[in-house]
Amino acid sequence: KMYTTRQLVSVVLALQVILIAVGQTPTYGFIIGNVTTNVEDYILDNRRQYNATLQSYEDQLNTISVNLKLQLSVLDKQKALFLRTIQETNEKIDPLELLGLPAKYCVQQYRKEVPSANIIKANIESCIPTSPYYANDIISSALRYYTLLRKYYETDLNNDLNACAKTNANSSLNYTLCVTSVISKVNTYTHTNRANFDPAMQTARCSLEEHIDTAVTCTYTQYNSILTSIGAATRLIDECLSDFLEEGNGIGNGNGDKSFVIGIDNDNSIGSVNGIENRISFSNYDSFVIGID
């Protein structure tokens, strides 16, 4: 095969690059004795760079997955904390019912203000994505470019280099020209791939932030509701008990005695006290009248 002067100059320049890459000083007017060895070193050096590129892609992709798991782990711990708060609230007010009718009445009146742990758990979990494929959905576009590049290195690069060795077994010069052409093509493909991968990764990072912000906002709404409800329940029960402990008016019988009337509903819950819901003093009564509604 005949080469033009331009092609031969390109080969000489390529050889210079190869020799520099492997740490040898280029010479001119030389007899090529170990060009094949130098070309193989040149190929290995480029393979190291390609492997480094793939590793860089993998590190960036893994960062998305790791950050997602970390953020979701924080939300899951917050869920456990607030469920514990509900449990502790119930543990605080449950024994009050054993102290007698005033306390039982107050608890029955305002227990409904304490949110159900099962409902809250379901609401919070609806805010937090749990699919094991969730991270892959976020990085799907960037992951596709990584897969394409890895496949190109594993398939196209190897096939083209093997073709160079097979078709130019008897010509070191031709083999060198062929290899440098393949490497140049691979470098161009790598550059184009990275130009697509980087924006895809930026989109993935933005998507991750948006999904986490949405989950945080959703769970915050639940947590705010929990704290408000628990605060209201404990405050109302405390106020109710305080009213009973304060001196109040009962139903007189004409002899100066005071009675306390408690209405019991069909479901055995306390329906009324002296005809009203609450805020009736439970002290200083001489008798109690229990009525069944």
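## Legends to close-up views of a predicted model

Of the 293 residues of the protein, 36% count as buried, where buried means under 20% relative accessible area, exposed over 50% and partly exposed in between (1.4 Å probe, protein chains only). This is a predicted model, in which local features need pLDDT of at least 70 and side-chain atom pairs count only at pLDDT 80 or more, while totals for chains, interfaces and linings use all residues. Residues are numbered from 1 along each chain as its sequence is written, and side-chain values use heavy atoms, with hydrogens and water left out.

**View 1. Overall order of elements.** The protein has 7 helices and 4 strands; helices (H or I, at least four residues) and strands (E, at least two) are DSSP runs, numbered from the N terminus. Read from the N terminus, the order is α-α-α-α-α-α-α-β-β-β-β. Of the contacts between residues at least 6 apart in sequence, 77% join residues at least 24 apart, a contact being heavy atoms within 4.5 Å.

**View 2. The cavity lined by residues of helix 2 and helix 7.** The structure holds 1 cavity of 30 Å³ or more, and the volume of the largest cavity is about 30 Å³. Helix 2 (35-93) and helix 7 (172-245) are the elements that give two or more residues to the lining of this largest cavity. The lining consists of Lys92, Ile93, Leu96, Thr234, Ile237 and Asp238. Helix 7 gives the most, with 3 residues. By class, the lining has 3 nonpolar, 1 polar and 2 charged residues; Ala, Val, Leu, Ile, Met, Phe, Trp, Tyr, Cys and Pro count as nonpolar, Asp, Glu, Lys and Arg as charged, and the others, Gly among them, as polar. A cavity is a set of points, on a 1 Å grid over the protein atoms alone, where a 1.4 Å probe fits but cannot get out, and lining residues have an atom within 4 Å of a point. Grid points are joined across faces, edges and corners, and a volume is the space filled by probe spheres set on the points.

**View 3. Surroundings of Thr234.** Thr234 lies in helix 7 and is one of the residues that line the largest cavity. The relative accessibility of Thr234 is 18%, so this residue counts as buried. The side chain of Thr234 reaches the backbone oxygen of Ile230 at 3.0 Å. Not counting residues up to four places away in sequence, Thr234 touches Thr89 and Lys92.

**View 4. Aromatic pairs.** The whole structure contains 5 aromatic pairs; rings of Phe, Tyr and Trp (its six-membered ring) pair if their centres lie within 6.5 Å, and planes under 30 degrees apart count as stacked, over 60 as edge-to-face and the rest as tilted. The rings of Tyr50 and Tyr153 are stacked, because their centres are 4.7 Å apart and their planes stand at 20°. This pair links Tyr50 in helix 2 to Tyr153 in helix 6 (residues 140-167), 103 residues apart. Tyr50 and Tyr153 are buried. Tyr152 and Tyr189 form a stacked pair, with 4.0 Å centre to centre and 5° between the planes. Tyr152 lies in helix 6 and Tyr189 in helix 7, so the pair ties together parts that are 37 residues apart in sequence. Tyr152 is buried at 10% relative accessibility, whereas Tyr189 is partly exposed at 27%. Tyr57, Tyr146 and Phe197 form one aromatic cluster.

**View 5. Ile139 and Leu61.** Ile139 is found in the loop between helix 5 (134-138) and helix 6, and Leu61 lies in helix 2. Ile139 is buried, with a relative accessible area of 4%; Leu61 is buried too, at 5%. Not counting residues up to four places away in sequence, Ile139 touches Leu61, Ile64, Ser65 and Ala204. With the same exclusion, Leu61 touches Ile139, Ala142, Leu143, Tyr146, Phe197 and Met201. Ile139 and Ala200, 61 residues apart in sequence, are 7.8 Å apart C-alpha to C-alpha.

**View 6. Helix 3.** In helix 3 (residues 101-110), 7 of the 10 residues are buried, so this helix is largely enclosed by the rest of the structure. The buried residues are Pro102, Ala103, Tyr105, Cys106, Val107, Gln109 and Tyr110.

Key:
1 Å grid on protein atoms, 1.4 Å probe; cavity = no way out; pocket = protein on both sides within 12 Å on 5 of 7 lines; lining within 4 Å. Polar contact = N/O pair within 3.5 Å; in protein donor to acceptor, adjacent residues only side chain to side chain.
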